[in-house]
Amino acid sequence: MEEEREYNELIDRTLSGNTQAYAELYEKTIQNVYSNVYFLLDDKDDVDDVVQDTYVQVYCSLRKYDRDRPFKPWILGIMMRQIRTYRRKRWMHFRNVKKAEVYAQTTEHDFSNEIVDRQFNEKLLNSVNDLPYKLKQVVILHYLNEYSQEEVASILEIPLGTVKSRIHAALKKLRQKGQHYGDILRKVGNV
């Protein structure tokens, strides 16, 4: 695939010390990474930090990248681990300072994000955002990013059966709320 060849060239140039190549790699992937982080984090003020941490980790891990695997899912896997780390740190912070009430406050979502506007309506986003994080992340990867269930399992480093189970549970929760949002539910039929 042409795209994978381009990624591999940029990786080779980056590993040889060419910082411009890493900047090009960043430009080719930032929109996808940023929109996913934006959608997965409740506190939008931290999106830039998580994106930055993701690209620092990508740079540090480039030598470990398995070129037999597609690049974009690999980078999303790193992004998911950074989000998980961010969430763990955040949870510990709130636990330690006993400010869980502040954390539970609802955040106002900015639905101006172009990708969100194109694919979902506000009610559907609210319903997906109300899902527990583990369910929300598989829904976003599978339906927003259109990764197969096998790719989602690879990105999240969890068994395929767990992905299927989480998707089923997410859709069940959406249905239980009486949500009938065609885009997601139509794709899966009677899962």
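His142 sits in helix α8, where helices are DSSP runs of H or I with at least four residues, strands are E runs of at least two, and numbering starts from the N terminus. Is His142 buried or exposed? At 17% relative accessibility, His142 counts as buried; the cut-offs are under 20% relative accessible area for buried, over 50% for exposed and partly exposed in between, with a 1.4 Å probe and protein chains only. Leaving aside residues up to four places away in sequence, His142 touches Tyr147, Ser148, Gln149, Val152 and Ile167 (contact means heavy atoms within 4.5 Å).

A word on what you're looking at: this is a predicted model, in which local features need pLDDT of at least 70 and side-chain atom pairs count only at pLDDT 80 or more, while totals for chains, interfaces and linings use all residues. Residues are numbered from 1 along each chain as its sequence is written, and side-chain values use heavy atoms, with hydrogens and water left out.

Now follow helix α8 (residues 133-144) over to helix α2 (residues 19-40): the two pack at an angle of about 150°, with their axes 11 Å apart. Axes here are lines fitted to C-alpha atoms, for helices over the stretch in contact, and angles run from 0 to 180 degrees between N-to-C directions. That makes α2 and α8 roughly antiparallel to each other (over 145 degrees; under 35 is roughly parallel, 65 to 115 roughly perpendicular and the rest oblique). On the α2 side you'll find Asn36, Phe39 and Leu40, and they meet Tyr133, Lys136, Gln137 and Ile140 of α8. The residues of this contact split into 4 nonpolar, 2 polar and 1 charged. Nonpolar covers Ala, Val, Leu, Ile, Met, Phe, Trp, Tyr, Cys and Pro, charged covers Asp, Glu, Lys and Arg, and the others, Gly among them, are polar.

Helix α2 has another partner in helix α1 (residues 2-15), packed at about 145° with the axes 8 Å apart. The crossing of α1 and α2 is left-handed. Among the residues making the contact are Tyr7, Leu10 and Ile11 of α1 and Tyr22, Leu25 and Lys28 of α2. By class, it has 6 nonpolar, 2 polar and 4 charged residues.

Zooming out, the protein chain has 11 helices and 0 strands. Buried residues make up 44% of its 191 residues. Of the contacts with a separation of 6 or more, 61% come from residues 24 or more positions apart.

Note on methods:
Left-handed = near helix turned anticlockwise from the far one by under 90°.
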